[in-house]
Amino acid sequence: MKMTHGVLGGSVHETPLSKVVDELLRLRRGTSHTSRDRSAPAGFGLDPALVGDFVAGTLGPQGEAALADQVARLLPFHWALPNKLTEAMTQVIDHLGGQRDLMAWLDGHSGLPRLVARLYVLMGLLDQFSEEPAVVTALRESREQTPCPPGLQGYLVPETDDETLGSIAFKIEELLGDGREKEAVELALATAAWLRQAAPRAEQLDPRVGDLGELMDHIRQDIQASSAEA
């Protein structure tokens, strides 16, 4: 897979990223975990004036940074936004050119927007690799040696299956929505490290996932860098 620099601020594999970002706001559809019953806290929203100026192309850098922060805070509640906020969010996404461009735009703003963008890339990858039998098998086998990988205590049930990574993605999103960014980062990094450790076995089972370890290394570096800024 082709390596590209400067996408979401780091070195990320282009093919997985293009698959992930187009689906980022449809995470965990059809699983037992859902954020549909969670609503954004009071005070969260998008300033109509900022949205209007952004769409019109007249919003200055300071206003754009403020809008990016508002968008980042709302993303964990994308399932449950009222119609007015959904319309405003759609205006922003359409103006940018799509969900992939939304994430790249957020990554262009330091602090919470960049951190949220990079965590969502990981969440999308977790959903993607949930559908890879070789990855699931490698993770299951790794737990036979280490039943609870470091940093994942309290997040894993005894059974490792095709819902395991998706459930972790849900928890990362939930922590973000609760304003617990540090814990979200810790869980994300621990999960990426677990996948990195299981990568050689997954690659042995299916060469098509041969870049898993390298991909997790880059994702971890990106998240660590953005966390230090946030």
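This is a predicted model: local features need pLDDT of at least 70, side-chain atom pairs count only at pLDDT 80 or more; totals for chains, interfaces and linings use all residues.
## Overall make-up

The chain contains two strands and ten helices. In sequence order the elements run β-β-α-α-α-α-α-α-α-α-α-α.

Of the 230 residues in the chain, 49% are buried. Among contacts with a separation of 6 or more, 73% are between residues 24 or more positions apart.

## Helices α6 and α9

Helix α6 spans residues 112–130 and packs against α9 at an angle of about 40°. The axes of α6 and α9 are 11 Å apart, and the crossing of α6 and α9 is left-handed.

On the α6 side, the contact is made by Leu112, Leu115, Leu119, Leu122 and Leu126. These meet Glu181, Ala184, Val185, Ala188, Thr191 and Leu195 of α9. Sorted by class, the residues in the contact of α6 with α9 are nine nonpolar, one polar and one charged.

## Aspartate 178

Aspartate 178 lies in the loop that runs between α8 (164–177) and α9 (181–205). The C-alpha atom of aspartate 178 is 8.9 Å from that of proline 76, although 102 residues separate aspartate 178 and proline 76 along the chain.

Is aspartate 178 buried, partly exposed or exposed? The relative accessible area of aspartate 178 is 43%. Buried requires a value under 20% and exposed a value over 50%, so aspartate 178 is classed as partly exposed.

Definitions and conventions
Residues are numbered from 1 along each chain as its sequence is written. Side-chain values use heavy atoms; hydrogens and water are left out. Helices (H or I, at least four residues) and strands (E, at least two) are DSSP runs, numbered from the N terminus. Buried means under 20% relative accessible area, exposed over 50%, partly exposed in between (1.4 Å probe, protein chains only). Contact means heavy atoms within 4.5 Å. Axes are lines fitted to C-alpha atoms, for helices over the stretch in contact, and angles run from 0 to 180 degrees between N-to-C directions. A crossing is left-handed if the near helix is turned anticlockwise from the far one by less than a right angle, and right-handed if clockwise. Ala, Val, Leu, Ile, Met, Phe, Trp, Tyr, Cys and Pro count as nonpolar, Asp, Glu, Lys and Arg as charged, and the others, Gly among them, as polar.
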